[in-house]
Amino acid sequence: MKMKAFFLGLAGLLIIALTGCNYLETAGKAQDGVTTIKIAHYFSKTHPQNIALNEKFKPMVEEKTNGKYKVEIYPANELGDEDSFTSGVRIGSIQMAITGMGLQTANPKIGAVEWPYLFDDYEQANRILNAEVGEEIGNSFRELGAEPLAWTANGFRVVSSNREISSMEDFHGFRMRMPNIPIFINTGAAMGANIQPLALSEVFTALEQGVIDGQENPIVTLKESGLYEVQSHVIETRHMFSPNVYLMNKEFFDGMDEETQKIIKEAADASAQYEWELLQETEDKVKEELEKEGLKIIVPDEKFMDDLQKSVEPVYEDLYEKYDWAEELINKIREQK
C-alpha cells in the first residue's frame, strides 16, 4: 500500500509539472477564446485609482483588442489583501494588480522611491519615476516575475491625530500607526513618535478605542477609509511620497504578441497619467471636505518642516551603510529634482 501511495503521489507531481507550464496560457480564458485580465487593488470604488482603471484602462484594452481581452477590476481587497494579490501576480493566479512598494521586502531597492523627503511635489515624482530611475526599479520587479506597466500615485503621506501637533516635541509619546515595513517604522521613530505597526484594516478600531493616537497615509486615503471620523487634526508633514505601480504577471505579458503588449502599455500609461491628475484634484477637494467636517489642517511652519527633514538624516546614513547601491541611486534622484 505504501508503494502504491508513493507512485500515485509521484504521478500527481508529474501531472502538475506537465500542466503547470500551460497554466498562464489558459488562466482567465473562457471557452469563446476571450482572455480575461483580472486586476486587484486595495482602493475604494470611488478612489482615483479605481476610477482611472474603469474610465481609461478597461475600455482602451477591450476596444483596441476588438474584444479579445476582457478586463475585470476587483477593488477594495475583493481578491485578498495587498500581500495576497501581489503574490498572485507573481505566480500568475491574478493577471494584474495595482500595488504599493510592498515587494521591497523581497528586493529593498523597490522601496527606495518611498524613502523620506525624497520628492518635493507631484510633477517631480511623476517625471523622475517615468524615466531612468523608474526603469531601474522596474528591473527589480521583473526579477520577481512581475512586469511594471506604469507608475501611478498614491500620494504624499500626512499625519492625522487626536490632538494638535505643531512641533517635533509634540511627537513625543504620540502613538502612531505605520505599516509594518522597516523604512516606515524607522522614519516615524526618527520623527519622535511611538510607532505601532498595524494592518490598515485594524486602524479605525484602534483609533476609536484610543489604542493609538494617530496614523499616517495620503490624505485621500484618510478620507476614503473613513479614518477622519475618529481624528481631529491633519498635519501636512508630507514625509514620504508613496507611488503605486501597475504590475502584470511577467510570463502572461511576455506571452502576448507585440501589438497586444503595445495596447496594454498604452492603456496603462493613459490610465496612470489620468490618475496622477485625478488624485491631485481630489486632494484639494478632500482638504475642503475635511475642514467642513471639523478637522483642523496644520501646515508646518518653516522651522517645523526643517526639523522634520533633519530628523530623518540618520535614517539615510543607516541605509547607505546597509546597501551599497543606495547612495548612488538617491543621488541620481536628487540630481534630477
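Predicted model: local features only at pLDDT ≥ 70, side-chain atom pairs only at ≥ 80, totals over all residues.
Visitor: Let's start with Thr237. Where is Thr237 found?

Guide: Thr237 sits in the loop between β8 (233–235) and β9 (241–249).

Visitor: Is Thr237 buried or exposed?

Guide: The general idea is to compare relative accessible area with a cut-off: under 20% is buried and over 50% is exposed. Thr237 counts as buried because its relative accessibility is 0%.

Visitor: Which residues does Thr237 touch, leaving out those up to four places away in sequence?

Guide: Here a contact means heavy atoms within 4.5 Å. Thr237 touches Tyr117, Arg157, Val158, Val159, Phe171, Met191, Pro300, Met305 and Leu308. For another view, take Leu279, 42 residues from Thr237 along the chain: their C-alpha atoms are separated by 18 Å.

Visitor: Tyr117 is among those contacts of Thr237. What is the phi of Tyr117?

Guide: Happy to look at that one! Tyr117 is not a glycine, yet its phi is positive, at about 50°. This residue, Tyr117, lies in the loop between β3 (96–99) and α5 (122–129). Tyr117 is buried, because its relative accessible area is 12%, under the 20% cut-off.

Visitor: And what about Asn66: what is its phi?

Guide: Asn66 also has a positive phi, about 55°, although Asn66 is not a glycine. You will find Asn66 in the loop between α3 (48–64) and β2 (69–74).

Visitor: Why is Asn66 called exposed?

Guide: Asn66 is exposed because its relative accessible area is 67%, which is over the 50% cut-off.

Note on methods. Residues numbered from 1 in each chain as written. Heavy atoms only, no water. Helix = DSSP H or I, 4+ residues; strand = E, 2+ residues; numbered from the N terminus. Buried < 20%, exposed > 50% of the residue type's maximum accessible area, 1.4 Å probe, protein only.
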